[in-house]
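I'd like to walk you through one model, so let me put it up on the screen.

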2 protein chains.
Amino acid sequence: MTNLSLSRRTFLMASLGLPAFRMLRPHSPQALTTGQLIDRIKTQVGIPWREQTVDRLIEGTPELPVKGIACTMMATLDVVQRAAAKNLNLIITHEPTYYSHQDRTESIEQDSLYQYKHNFIQQHGMAIFHFHDHWHGRKPDGIATGMIRELGWQKNVDPENHRLFTFPQTTLARFAQNMSNKLNIQTMRVIGDAQLPVKRVMASWGNVSLLQGISYVNQADVVVVGETHEWELVEYVQDAIAAGQKKALIILGHFLSEQAGMKYCAEWLKEFIPEVPVEFIAAKEPYWRADKPVK
Amino acid sequence: MTNLSLSRRTFLMASLGLPAFRMLRPHSPQALTTGQLIDRIKTQVGIPWREQTVDRLIEGTPELPVKGIACTMMATLDVVQRAAAKNLNLIITHEPTYYSHQDRTESIEQDSLYQYKHNFIQQHGMAIFHFHDHWHGRKPDGIATGMIRELGWQKNVDPENHRLFTFPQTTLARFAQNMSNKLNIQTMRVIGDAQLPVKRVMASWGNVSLLQGISYVNQADVVVVGETHEWELVEYVQDAIAAGQKKALIILGHFLSEQAGMKYCAEWLKEFIPEVPVEFIAAKEPYWRADKPVK
């Protein structure tokens, strides 16, 4: 492809109202760099980029040419290995690479597993971009959008509050079983009367703090969360029930409570990254149950 | 009982090597106060009392006369109600009363559930003592002692390290099933190859931080914990396995990972609190599974 033909096609597509970058041929010799790609995400995400954020390049340099993108919920070593095998050298991950929300590595630099993962990433010429705060900050929240689609809850979501859902009345047992089936969760944990009538549900994908959790409990029959502390929201909901309130809590597990949001992120990235392949890399629930060991 | 007869019996028992206070008659007219009782715990626990600690009186005053003691894992409202019904007006709890490790209430003072619990406690003339740090700090750790006894692991514990256990070789699946049966856990979560050979186990009852967790992973085949973050130790163990390490993680749930330690605490308290009844108040696993709703 010459510059001339590129500029002609760019002109043509611009006249059709499509952004010029959609016409760039995949694997063009002047490949996108990681830095250019991050700039493009910053432009597209639709909210101002924050000064305080965990969203940054965890591995690799802005100058690294991108061969392909793996979009994933958590850049575990397994995901990194699978991305490398597919020649996807930029991983966009919602959760940390190095076992802490801020991806702080000072305290684990001497750890052999940290070194193994870090060296693997470097030797394979890879980069990892942590994309957490701004994907949640997008309006509506990108994780919520993907989870709502995965669960088929589009008709149930409140138009003014993407955390609030209204359902035809069911029981807590049936509602939990339904979520467990749709998200393929073996280790879901539920607190509340199995026969509790359920209509209003608040969902907090991922981790939830006590004060957020309390405000959700006050607004719904059931609060659905990914992860929380047993001595915080779990105790609060137990107490609400002991005080006679008709409440329940469903704990999905962090990973499966957000993963579909990154499946959606991969589709969103494809809309404005035509030059390189973009793939969603899925993973299963991290756990198995004592009565149902993985074969 | 006159002072004379008391002093005779005290003399008699002292001559038999028993502490004099073991002979005080239960429900004596000059009842112990909460403050005196806490002072006795401080004397008996065998380590210096810390300046920085969560162990303090959360409800009630040091002047409150103690009618009876409820020793429990977590002072949920249900436990508080059951203690009140039994006229046990001092609760000794390992976990918080008010949904945060420090039992900070500033941010929930307007919350109706906080007010309900607080008023119930005040109206029933109760006190609550948070007994976490020093029960763990006791040598050996009081929680560990109770859990080891509950699990029947006395012969397996390393004499130099009460977190480390050696077992005749088994598989991860069998080891997890055995723990789940002994502790009656429905929602145990396990990471690792079900056929992994298991001999060395490190246990961290309750919550575990990343750096503690990493050091335990490096010392054993299986690490057993109560609670941890999915983006911290869970990811680390998944990575260790992906890197070819023969490792596993068992997450018991916080509550059942420590409760037997407070059952033991009740027995310990009885040794030096003869004046009033001391009862262990048990609670069940807080959760049920989606495929096995509580009837």
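By buried I mean under 20% relative accessible area, while exposed means over 50% and partly exposed is in between, with a 1.4 Å probe and protein chains only.

Before going on, some ground rules. This is a predicted model, where local features need pLDDT of at least 70, side-chain atom pairs count only at pLDDT 80 or more, and totals for chains, interfaces and linings use all residues. Residues are numbered from 1 along each chain as its sequence is written, chains are lettered from A and ligands numbered from 1 in the order in which they are written, and side-chain values use heavy atoms, with hydrogens and water left out.

Back to the cysteine. How many disulfides does a search of the whole structure find? Over all chains, it finds 0. A disulfide here is a pair of cysteine sulfur atoms within 2.5 Å. Cys71(A) is in no disulfide, and its nearest cysteine sulfur belongs to Cys265(A), 3.8 Å away.

Now the overall picture of chain A. It has 10 helices and 12 strands; these are DSSP runs numbered from the N terminus, with helices being H or I of at least four residues and strands E of at least two. Of the 295 residues in chain A, 55% are buried. Contact means heavy atoms within 4.5 Å, and among contacts in chain A with a separation of 6 or more, 69% are between residues 24 or more positions apart. Chain A exposes about 12,800 Å², with 50% of that supplied by carbon and sulfur atoms; these areas come from the Shrake-Rupley method with a 1.4 Å probe, and for residues only the protein chains shown count as cover.

One residue I'd like you to find is His254(A), in helix 10 (residues 254-272) of chain A. It is buried, at 5% relative accessibility. Leaving out residues up to four places away in sequence, His254(A) touches residues including Met73(A), Glu95(A) and Glu227(A), and also Glu230(B) and Trp231(B). His254(A) and Glu285(A) are 31 residues apart in sequence, and their C-alpha atoms are 9.3 Å apart.

Over to chain B and helix 8, residues 210-217. Which of its residues are buried? They are Leu210(B), Gly213(B), Ile214(B), Tyr216(B) and Val217(B). They cover an arc of only 165 degrees around the axis, so they sit on the same side of helix 8 of chain B; the arc is that of the directions from the helix axis to the C-beta atoms. The buried residues of this helix pack against strands 6, 8 and 9 and helix 9 of chain B.

On a 1 Å grid over the protein atoms alone, a cavity is a set of points where a 1.4 Å probe fits but cannot get out; a pocket is an open set with protein on both sides within 12 Å along at least five of seven lines, and lining residues have an atom within 4 Å of a point. Grid points are joined across faces, edges and corners, and a volume is the space filled by probe spheres set on the points.

The search finds 3 cavities of 30 Å³ or more, and the largest cavity has a volume of about 140 Å³. Its lining has 16 residues, and nearest its centre are Arg189(A), Thr228(A), Arg189(B), Glu227(B) and Thr228(B).

The largest pocket holds about 970 Å³ of space. It is lined by 34 residues, with Gln238(A), Ala283(B), Lys284(B), Glu285(B) and Pro286(B) closest to its centre. Which element gives the most to that lining? Helix 9 of chain A, with 4 residues.

Finally, some backbone geometry. Most residues other than glycine have a negative phi, and most peptide bonds are trans. Lys139(A) and Pro140(A) are joined by a cis peptide bond, with omega about -5 degrees, and Pro140(A) is in the loop between helix 5 and helix 6 of chain A. A cis bond also joins Lys139(B) and Pro140(B), with omega about -5 degrees. Asn184(A), though not a glycine, has a positive phi of about 55 degrees. Asn184(A) is exposed, with a relative accessible area of 54%.
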